[in-house]
Structures are given as C-alpha cells and as structure tokens.
There are 2 protein chains.
Amino acid sequence: MTARTNFEKAAVTPSQQRSDIDIARAADIRPIADIGAALGVPWEAMVPYGHTKAKIGLDYIDSLADRPDGKLILVTGITPTPPGEGKTTTTVGLCDALNRLGSRAAACLREPSLGPCFGMKGGAAGGGQAQVIPMEDINLHFTGDLHAIGMAHNLLSALIDNHIHWGNALGIDPRRITWRRVMDMNERALREIVVGLGSGNGMPREDGFDITAASEIMAILCLANDLDDLQQRLGRIVVAETFERTPVTAAELDADGAMTVLLKDALMPNLVQTLENNPAFIHGGPFANIAHGCNSVMATKTALKLADYVVTEAGFGADLGAEKFFDIKCRKTGMQPAGAVVVATVRALKMHGGVALKDLKTENVAAVRAGCVNLARHLRNIKLFGVPPIVAINRFDTDTDAELSAIREAGLAHGAETVICTHHADGGRGAEELARRVVALVGRGEARFKPLYEDDLSLWDKVRTIATRLYDADDIVADKKIVQRFKALEKAGFGHFPVCIAKTQYSFSTDPTLRGAPSHHTLPIREVRLSAGAEFVVVVCGEIMTMPGLPRTPAATDMGIGAKGEVRGLF
Amino acid sequence: MTARTNFEKAAVTPSQQRSDIDIARAADIRPIADIGAALGVPWEAMVPYGHTKAKIGLDYIDSLADRPDGKLILVTGITPTPPGEGKTTTTVGLCDALNRLGSRAAACLREPSLGPCFGMKGGAAGGGQAQVIPMEDINLHFTGDLHAIGMAHNLLSALIDNHIHWGNALGIDPRRITWRRVMDMNERALREIVVGLGSGNGMPREDGFDITAASEIMAILCLANDLDDLQQRLGRIVVAETFERTPVTAAELDADGAMTVLLKDALMPNLVQTLENNPAFIHGGPFANIAHGCNSVMATKTALKLADYVVTEAGFGADLGAEKFFDIKCRKTGMQPAGAVVVATVRALKMHGGVALKDLKTENVAAVRAGCVNLARHLRNIKLFGVPPIVAINRFDTDTDAELSAIREAGLAHGAETVICTHHADGGRGAEELARRVVALVGRGEARFKPLYEDDLSLWDKVRTIATRLYDADDIVADKKIVQRFKALEKAGFGHFPVCIAKTQYSFSTDPTLRGAPSHHTLPIREVRLSAGAEFVVVVCGEIMTMPGLPRTPAATDMGIGAKGEVRGLF
C-alpha cells in the first residue's frame, strides 16, 4: 500500500496483461467474516463496513494481550526511482506466499488518502496479482478514517479561533498559531489563505490547509496504543504560542476529549483481504517525511497477536522508511522486527548506476553493478539496527540473467541473500521462494534489534548520527536559530524524543539528483517542527510540500460510474 | 430527526425522568439484519455499517419499482417556539404506534450533521421513549454521508480554482464564483476568507465556507431519483459566471462524474431502528430555509415500497417545511401524501398567544385559545394542498384539561381532529390513539394532493402566491435588481422551477418576533439564488446564516470517552 502523494511513485507493472482494476474486479472476494474467522476473530468482535471490510473492536484487541507475538517482517526498499520498485506488491506477495506454505500470515499496509485520487490516475492497493481488495472502496472513503482525522483536526482549529474570538483568555498570539487546517484534497488555492475576515467572524489572521494525511493527528493515530493513550497524545499537541511565547496545547483548549470521540472508531484497525483471500490490515497512512511513514501500531499489534508472520511495509526507501520504522515505531512500542526484505528492481539499480529512464530496457550489467552501491548501503544500514536483511528482486521481462547475477553477488558481498520474485504476474506462487528464505532467515533468530541512537542523546546529535552513519554525510549544518530551537525544545522537555527527518526520498543526500550512494555531503537543516503528540521532532532538510495541487488535467475529469455501476477512471 | 442548526430547536422533554442517552443506551437494540428482514429486505441487499446500521443497495431498490406504494403521512408543526414542539418524537412515536397496531410502518427522518454537535449539547435522534438508535453513531459519523457530500462539494471547488490556475479556458471571472467551500463544523473564522495567496498557489480571490448541510449537493442528494439523475443534477450546478456573464456549470468543468463516484454510497438510504425495534430510514438533512428541508427521495421511495405506512417529517413549521415537502418534493416525485399530522404543544400555543417563556407552566386558557390562530392557519394551509390534517398534542405534565380542550375546539373549527400524545414518556403506546385516528383519516381516501401553484407561473407570482395565500401577506416587494434577476432566470430556462423561500421559521412574516398569525405584512425579497442542480430558485427573505459559530463554551470542551468506553458530553 503506497500512500499516493507527490513524493512517492506507484509501483511499476511488470509484464502487464490485464489492468489492476480488471484483476481486482474479477477476484473471488470472500465475506470479511470468513477472513476474520480464519484469524480466529469472532464476528461479534468485528465491525463490518459492507460485506468485505471490517474494523476490529478495541475490547477484543485488549483481550489478546497475553498471547505471544508472531514474527514481524519489514518490507522496505532501495532509494526510489521514477519507475518504482514494488514494496506494496512484495508485501502482499510475501503474505500470500507464506500462507501458501501453510503459515498463518497477515499483511499490514498503509491506508491511502482519497484526495490525491483526483489528481493522478492510479490506485494504491498493490498491483497485478498482488493486490488488496475491495480496491475501489479502499481508495475511496474506505471506513472513514481520513474523514474522522480531518474532523478532529479541524475541530481543534475551530476551537483555537473560537477561543480567541471569545476573549482569548489564554493569550494566544494569532501570529504564532502553528496548527493549520486540513482537507483530503489536492488544493493549492488553500495553501495560504487569510481567515476571520468580515465583521463578527473572528480575528483576521494568516492560515492555510494541509492535506489530511499530513496532519499530526494521522501520526498520532498510528502511534497510539489505545484510546487513553490517543487522548493523552492529542492533548499534548502544541498548537500555538501565547504573546509571552509559552506553548499552548490542545488540552488547554479542552479539545482532546472531543477529538478522541471523533477518532474512537478510526482507532480500530481495518481488515480486508488479498486477492488470494489472506488477511490484510490497512490502517493509517502518515507521510514518511514529516511523519514516520508506517501503518498503525494498533494494526501491527493486533496482527502480531493473530498471525504467525506479519509482513509490513514502510514508506519511501530504507533511509527514511525503515529508519523511522525502527527508530520511532519499534523504539516506542518495543516491537522486535525479525527480519527485513529490501525490495529492488534491475531497472531501478540501473538508474542508480547512471542509466537514463529511456534506456532501462537495454541490458547493462556494469550499470546494475554500479547501482548496487545503493542497495549495499541500505543493507549495511539495516544491519546497524541488528536486523537481518534479505533482498527481493521484482522481476521484469527485460531483466537478464547476467544483471540478476550482478545483484545476487552484491547482496552476498553484504551478507544478504537475493531472491527473484514474480508475484506481480503470479501472485503468492511467485514469492514462494522468498517466503521460504524469509522463514529460514527469521527462524535462525539472528535479529538483535536496537535503535540507532539512545533517547538521551541530544537532538542535534541524533540528527548527526543518522546523517553520518546512514546517509554517509560528513556533517550536518544549520543556522543559529535552528540550533537554538533544538536547545529550546530540550529545555521544554522534548529532548528525549526521536527525530523524524524530512528530506527527499530520491537520494541519501538532500539533492534528489544524486542517485547511487553519495558520500561526503552535508545535511543542511532548514526548519524544526515539534510533533508533541506524536512524540517526535521533525527535522526538515529540504522543500517539503504538505498540500499538493491538481495537474492541468486532473484524473477527476475522467471519472464516472460505468454502465454496470462500476467506478470508471479511478485506476 | 431534527437537523441541529441555529435555526431549529431540539424538542422539549416532557416529564423527563431519565436522560435520552440513558434510555437509548439501555435499549434492547436488534441486529440491523433483523430490522431489514422484517421489511423483507434480504441481507445481501443491505450494506452494513457496524451491526446496527445499514444502507440499502441501489439495485435492490430498483427491483422494487413495480410494487404498490404504502401510505405517506407527513409530520409537520405549528410555527416553532423556543421550547420546541416535538415533530421528531411524534414521527417516531406514530411509527411505533402503527406497528403496535399491527401495521407495517417505517419512519423517514432527516440525518443530523456532525459539526453542530460541538457547539450545543443535544443529540438529534428524537427523545425520551421516542428515539432512533444507535443514537451516538447517528449523531457522529453515522454512515459517512456528510463526509461524502463535503468531499464532492470541495472537489468541485478545487476544480474551479485549478481550472483558473491552468489558463482559465472557460474564462471564469474569479469575482463571480458563487460556489463556496464547505466544512461540517461551526466555523465562523471560515465564513469570509481570501484564498490563493502566495506564489504559485493559484489566483487570489474572496471565498468562504458554509456548513456541509447547507451545500446544494445535500439538496441534490435528497432529490435525486437514482445515480444517473444524481449525476445529471450535479452537472447542472452553476458555480460561477464568465467574464462575459455566462453561467459556468459543474459539467463544463467535467466534475460531475467524479462527484457522482464520491456520492455513490451516500445515495443509498440508511436504515436504523426505533427504540421499539421498528424500521427508521435516516437519510439526508438539507436545511428548510435555503433548501427544501426533507429527508431523501431515495429513502422515502424505498420506505413506501417496503411499508404500508411511511411517517416522515419536514423541517421547521408547516409554512416552510410542509410547503416545500408538497411544492418541491411531492411535485417533483409524484408522491401522493395521504395525510398530515400537525404537531403542537400547549406551551407553544400559549407563546403564540402572547405568554412569556417563564410563564408557560401557569394555566392560561385564553392565551392558548389566542395562540390557536397559528395552528388554525397551518391547518387551513395544509388543506390548500388537498391533504387532510390532524393535530397531535405532545402532552406535558403542566398541561390542563381546559387548555387541551381549547386546542381541540380550535382544531374542530378548522375540520381537524386533535389527539393527545404521550409517546415521549410512553413510547409507541402513548401514540396509539393518534395512530388509530391517522389510519382512519387516510383510510377515508380524502386526500387530493396538488401543489399550491403551477410550474408555468412566473417566479415572481410563485413567491407572491405563497406569501399571500399561506403567510397572509398583502404583497411581496423587491429591488429592481431582484426583479431583473427573476426575469434573467426565466430567460435562462429556469422559470419552471419551484421557489424555495428562505425566511425566519419563527413567524409567518419575516419578523421573528411576530408570533401567532400576522396578516397584512409585506414579504421583502433580499436575494435570489439559483440551485440549478436541486432544481429550485432560493428566494432569500431575511438574514440567512449558512455557517454557524461556536458558543463561548462549546459542547466539545466537555466531551470525552467514559470509563466504559461510552461517549460523554454529546447529549
């Protein structure tokens, strides 16, 4: 599951004969009650949304607490390239393959947001024979989670302006409100606005909208352990400063209770199925730059109690997605990943080796070999977390044996097996070899997970550790103002938070054109944002867009309902 | 079901012992599959949302076309007063009573919007022993209809600004965009805003947000006959004028298909149940001033195919709600109402007779008698539509026999029976007598429904007919600009539309302080708005608020999740 944003490309489609949507529509979808039953979830514990989607009740999830956890396998990728690599299809394919081998396995994916559907055509539910269904529902309103997040976010906004309107007892400085509004829509016209105009309509001030998935509430929902934790985190959100520069929290505005009420259903994980009728939890979709890019803790936790193997993915390449999965999600929850699958393609590695997009179909073993520096660095990095990696190659028709061998050699040189996969064309059958190797890998029990840095390191040194050890930067640099902001955050009690690096996903450096494995670069910090409820400090290193725009000809203009009631133009 | 707005008060609570929410929580709620089954709806035709809410599939609804219709009974009211009258409880109570008497009856109610919940405490799902459940869900996200309407509305907004940004081929005048944005929130700070600021963020222009229920899309969804009709209507929405003053429609922006995709689930009627486990369709909640104030045609049409009696309510008093139910909904659909229940209370009639709010508990027969001029005029008006009325009195402990007799006499003088009801305290049992009288009334087959005016009357004369015949105004007045606007609309082909009067609900006149039955007043027209998709011309006669604000202490600040996981502070 790829959160469709401007920042992340959908996976390419190797050997595509039928369209994804045709495959999805032809699927033999089973009642969600059956999918839940196969995991041992009783019908009473499921909250159906239609006949093929359900949420899992929180009380039932609580009741599982004493069960042992299954094995947690992360699917991550090399540094993304324009043709895409296929993390989501690999997650689905591996889940299906594990089930084919007789294991009880579940996939945990991120939930797409609706707004971007209207910009560029293309769903976000895997592809080919490795998809989750019902594809249309998942890409449209699904179970309403994004709507609930948007409401909770905008309720907090309304309470801020309302507080100012009715006398501003807290002394909120209207110029220092950092809590923007959200809408699940690509809406450039709302990026920068002025609100509160006209008589009796509150205090005029600058404001703006982000897309809903960029809300801190999305990150919070994905990190919350239960309803109580959710409310505590919501209450700690810092929304503004007073005229005396004191932070103002959502709890001070008494917003946390009502926000929790709005989110109580959204906190329940969503269960759907793969094309091969295996369980897939699709819940929460935070960005992997300004947030941690993983599906919800609730979903992963639940899946670990119900399945022997849980296959989950993280956003972008391993430098962003896996790092945050390890340093934020696993650190905070105590989850112990047993292994990591690094997804790559011959074409992508060729690009990292310097080949242009138009020449990717021509065999070029030297370029593949050169591009493997990117793969190698990600493998090295994952091992720094004490997690054993394995390489999965999404095979294309144009791949040659010599090119594939080059990758295999590079993987072995860094202590990782490489497995060729064809799940896009063949479904779970095409990932059976990967599944066998993954079972063997995690079965050896070599994982000794540890985060990259300790909580008590300074915020500056946390960033520096990531930059020098994972990105091979020589150093990090920042204005005095940024340095002071770090110190102020530490003084205010946020120094123990992990950092969340927001940089381009297209390079280890902050220059998106630097493919491969750049070294000796410098990471410049542009901005620091506190996500006090999500419990991390966002370190912005580059231009980060939190509200996309629509293209000249939006996908929306081609959509409609077909003759048989089917959705046209969404995919 | 009362759409909770600034314009409409929740019903009062006679002889209240337990709170509405306590009663609702203690209810023996049945699986929605059973409620559907009792109506003959197969489980496959239902789309469940949890275990106690469902939508009814459109294909199944199509399959009912050849069945005969049940009897349609409208519940309307006298001119509202601050303590409220209880239309929703009467609708629910009458439905329950009809079922107790052995008939198959269903209620059709409007769906509340979520935003206003955070302003004033108080749900919108009936009260006492006459409620629809699950009350919390109905008042929170329910089945997502409001969210879908908001998305469809704002997608159209996004496409307008995007069109201008990318070259404005249609020549849309940014100063003449009438399509505002919406949010389901009481948000005064968004009433008047400036969008498109900053470099690359589109064309700066004035804009604003309305609350989602005020969207023309809400009215369209409630008047659409099927998906195709929905898309046609969405395409006809007029959003702006060009620099040459030509109207621009949603279809010209190719927005109608994608909007239909967003609304395809929302178009399906929602089924829930009363406290006595009888079917209630709760679907669509347009305002009764700028729109027609009735639940959806889809829901009413479906209920008529499935039940022998369908009890539905219209917003505000009969001058606004019933008039629009008859002149817009019934005119457009060919529905034939068999009878109308006019809800009144002793207290409200006393207020119409000149008594102050604080003195309502003291017996005052003369004031009741004086106030009955209001009831009498509504009865006269309903008969103008060829529909036989009956009066239902929601009884309070403080009502005296002499006061009740005064109402009975007034009713009889205008050819209507009066029945005392205690469904708030007693549930369906308390409305059995009303049910018997209603069955007898509609059984006599006296209804000869006809709209108040013909389609081919001029728009001006349509307004004048309503004002003089129903409001007892001497005449209507308007600026030359308004007169020209009417003529322009007629020239543009909209002259055959019905008119939709937006005026205060607190008086037959435009002065909300004029209770009783004012005559010889004049109806001044302030503004005319075209709802080309909903197919009516809104005639604004007074201040109409389309975006409420939050009070000094919003209900939201008192909300939370209780120890047993229940929602606190919503009711």
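## Basis of the model

The model is predicted: local features need pLDDT of at least 70, side-chain atom pairs count only at pLDDT 80 or more, and totals for chains, interfaces and linings use all residues. Residues are numbered from 1 along each chain as its sequence is written, chains are lettered from A and ligands numbered from 1 in the order in which they are written, and side-chain values use heavy atoms, with hydrogens and water left out.

## Domains of chain A

Chain A is divided into domain 1 (18-55 + 63-143 + 270-443), domain 2 (145-261) and domain 3 (459-540), with bounds that come from an automatic or database domain assignment. Between domain 1 of chain A and domain 2 of chain A, the C-alpha centres are 33 Å apart. Their contact (heavy atoms within 4.5 Å) takes 28 residues from domain 1 of chain A and 17 residues from domain 2 of chain A.

## The interface of domains 1 and 2

The size of an interface is often given as the accessible area lost when the parts come together. Domain 1 of chain A and domain 2 of chain A bury about 1,700 Å² between them, where buried area is the accessible area (1.4 Å probe) that two parts lose on being put together, summed over both. Carbon and sulfur atoms carry 61% of this buried area.

Across this interface the rule finds one salt bridge, defined as a side-chain nitrogen of Lys or Arg within 4 Å of a carboxyl oxygen of Asp or Glu. A:Lys55 and A:Asp145 form a salt bridge through their side chains, at 2.7 Å from N to O.

## A buried leucine and a covered helix

A:Leu58 lies in helix H3 (residues 58-63) of chain A; helices (H or I, at least four residues) are DSSP runs, numbered from the N terminus. A:Leu58 counts as buried because its relative accessibility is 17%, and buried means under 20% relative accessible area (1.4 Å probe, protein chains only). Not counting residues up to four places away in sequence, A:Leu58 touches A:Leu227, A:Lys264, A:Leu267, A:Met268 and A:Met298.

In chain B, helix H10 (residues 297-306) is mostly covered, with nine of its ten residues buried. Among them are B:Val297, B:Met298 and B:Leu306.

Notes:
Helix = DSSP H or I, 4+ residues; strand = E, 2+ residues; numbered from the N terminus. Buried < 20%, exposed > 50% of the residue type's maximum accessible area, 1.4 Å probe, protein only.
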